[in-house]
Amino acid sequence: MKRFDIVTEAEARVLEHGSTILLAAGGHITPLALDTLRARRITVMRDGMDVDGADLAPASSPRVVAVAGDHTSLALKAELLRHLRGRGLTAHDLGTHTTDAVDYPNTAASVAYAVARREAEAGIVIDGSGIGSAIAANKIAGVRAAMCPTPMFARYGREHNGVNVLALGSTIVSGGEACAIVDAFLDTSMREPRYIRRLALIRELEGRNR
């Protein structure tokens with residue numbers, strides 16, 4: 001991990017996309033360099049292991065949610081969209097819209113890309129068990145998806161692991177159970193530096209595999 005006392009825009013431009021750097025105590029990042037670091041999804045860790053988590057921790061109280069599911073998800077997805085909109089949130093329905101068979105990696109990817117590109121602040125993916133969609137969504141850099149069968153899993157996933165895409169199984173949870181899980185997911189924030197620091201390590205792993 002490279003260590004800097006000051007990061008200029010010129011230095012920021014040559015850093016590897018998605019990498020992590022260490023800023024010395026009292027170090028400085030120029031305004032132009034900060035914009036470049038964010039654009040290149042570079043994580044800044046500071047001496048003492050504090051993390052600049054603005055681009056790592058999931059958005060608190062997300063207002064825009066992307067939702068998609070395979071052909072098994074239609075009834076559950078419709079109920080969740082009503083629930084989200086009833087909370088006053090913007091909920092984007094990314095499909096599928098018919099009972100024709102579709103492949104869950106494609107529906108999960110549509111949500112994962114929306115979250116990674118910051119077109120949505122959180123995502124929900126649905127298939128029969130939720131496991132496959134979680135696996136697929138996690139292939140997109142910057143996405144941390146988890147299949148959560150209970151509100152407790154959603155709270156832990158959000159607070160400890162920075163989950164930004166929730167996976168649900170349409171054959172595992174009822175509509176009411178799913179709504180409770182979604183509420184726990186959306187209402188839980190990630191604040192502790194020790195947890196955010198671990199997200200920096202996850203991002204570093206993503207960078208190694210490019």
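Lys77 is buried, with a relative accessible area of 3%, where buried stands for under 20% relative accessible area, exposed for over 50% and partly exposed for values in between (1.4 Å probe, protein chains only). The structure is a predicted model, in which local features need pLDDT of at least 70 and side-chain atom pairs count only at pLDDT 80 or more, whereas totals for chains, interfaces and linings use all residues. Residues are numbered from 1 along each chain as its sequence is written, and side-chain values use heavy atoms, with hydrogens and water left out.

The count of salt bridges, each defined as a side-chain nitrogen of Lys or Arg within 4 Å of a carboxyl oxygen of Asp or Glu, comes to 6. In one of them Lys77 is paired with Asp93, with 2.8 Å between the closest N and O atoms. Because Asp93 belongs to strand E6 (residues 90-93) and Lys77 to helix H3, this pair ties together parts that are 16 residues apart in sequence; helices (H or I, at least four residues) and strands (E, at least two) are DSSP runs, numbered from the N terminus. Asp93 is partly exposed, at a relative accessible area of 28%.

A further salt bridge joins the side chains of Asp187 and Arg87 (2.8 Å, N to O). Asp187 lies in helix H7 and Arg87 in the loop between H3 and E6, so that parts 100 residues apart in sequence are tied together by the pair. Asp187 is exposed, with a relative accessible area of 51%, while Arg87, at 31%, counts as partly exposed. Through salt bridges that share partners, Arg87, Asp183 and Asp187 are joined into one network.

Within helix H1 (residues 9-14), Arg13 and Glu9 are 4 residues apart, and are therefore separated by about one helical turn; their side chains meet in a salt bridge (2.9 Å, N to O).
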